[in-house]
2 protein chains.
Amino acid sequence: MKFIDLTQVTKFTPDKPFRELLYDSANLRVLAFNFEAGQEMPVHSHPADSDVTLMILEGEGEFTGANEMSARAGAMQIMPVGEPHGLKAHTRLRLLVFIAPTL
Amino acid sequence: MKFIDLTQVTKFTPDKPFRELLYDSANLRVLAFNFEAGQEMPVHSHPADSDVTLMILEGEGEFTGANEMSARAGAMQIMPVGEPHGLKAHTRLRLLVFIAPTL
């Protein structure tokens, strides 16, 4: 069992979004991304048969890519990882990403 | 793409935990469980090669099963679904469950 306390995953870095691998098995990868206001995850996709979940823990911004919409705490997009996806932060924003299965 | 607004998943039921299927594909199943104080998910396990994530969105309680510890917003346990797991709520508690791949 892996225990993670998300309230402790609060690091930010000025040059690019802070990224931390929280869990990694063949079934599931979980990553934290913390964005300073203005930082972004560029729109991208992967040619794989996996599902990706983008879950906003804190802050405000917008989902970019194939499914543009505003993003705030509690918002969650789940899609095939082949669908273009990305995120732009308007405030400090904490994002949790689940990839299943692992690419 | 499936969009879910977790701030709207706030239903509780007096007789047993409220349960809502939020997403379901071969790769990933996502479920919300909302507990009134005192309600619980009994310790259980499944004989499958999947990983289960228990993530507390709100409230306080305890993880039961093989890995007992206190549970509060931001706490996340990830384990093989064959490992006994459960949850007991001390206050109103909202839990998010990810199962990958789907059983």
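Predicted model: local features only at pLDDT ≥ 70, side-chain atom pairs only at ≥ 80, totals over all residues.
Pro101(A) sits in the segment after strand 10 of chain A. Over in chain B, Ala100(B) and Pro101(B) are likewise joined by a cis peptide bond, with omega about -10 degrees, and Pro101(B) belongs to the segment after strand 10 (93-100) of chain B.

**Where the chains meet**

How many residues of each chain are in contact with the other? For chain A the number is 34, and they touch 34 residues of chain B. Of the interface residues of chain A, 100% are interface residues in chain B too, so the copies meet through the same surface.

The size of an interface is often quoted as the accessible area lost when the parts come together. Here chain A and chain B bury about 2600 Å² between them, and 66% of that lies on carbon and sulfur atoms. On the chain A side, the residues that lose the most area to chain B are Met1(A), Met76(A) and Ile78(A), which together make up 27% of what that side buries.

What about specific interactions? Salt bridges between chain A and chain B come to zero, while 14 residue pairs are in polar contact across the interface, both partners having pLDDT 80 or more. Sorted by type, the chain A residues that touch chain B are 21 nonpolar, eight polar and five charged.

Strand 1 (2-5), strand 2 (18-24), strand 5 (51-58), strand 8 (75-80) and strand 10 (93-100) of chain A each give at least two residues to the side that touches chain B. Which strand supplies the largest share? That would be strand 8 of chain A, with five residues.

**Strand pairing, across and within**

| Strands | Bridges | Direction |
|---|---|---|
| Strand 8 of chain A with strand 1 (residues 2-5) of chain B | four | antiparallel |
| Strand 2 of chain A with strand 3 (residues 29-35) of chain A | six | antiparallel |

In the pairing within chain A, Tyr23(A) stands opposite Val30(A) in strand 3. Strand 2 and strand 3 of chain A form a hairpin, with four residues between them.

**Salt bridges**

Over all chains the count is eight salt bridges, though none of them runs between chain A and chain B. One of the pairs is Glu36(A) with Arg92(A), whose side chains meet at 2.9 Å, N to O. Why might you care where these two sit in the sequence? Glu36(A) lies in the loop between strand 3 and strand 4 (40-44) of chain A, and Arg92(A) in the loop between strand 9 (85-89) and strand 10, so the pair ties together parts that are 56 residues apart in sequence.

Key:
Residues numbered from 1 in each chain as written. Chains lettered and ligands numbered in written order. Heavy atoms only, no water. Contact = heavy atoms within 4.5 Å. Buried area = accessible area lost by both parts, 1.4 Å probe. Salt bridge = Lys/Arg side-chain N within 4 Å of Asp/Glu carboxyl O. Polar contact = N/O pair within 3.5 Å; in protein donor to acceptor, adjacent residues only side chain to side chain. Nonpolar A, V, L, I, M, F, W, Y, C, P; charged D, E, K, R; others polar. Pairing = 2+ DSSP bridges.
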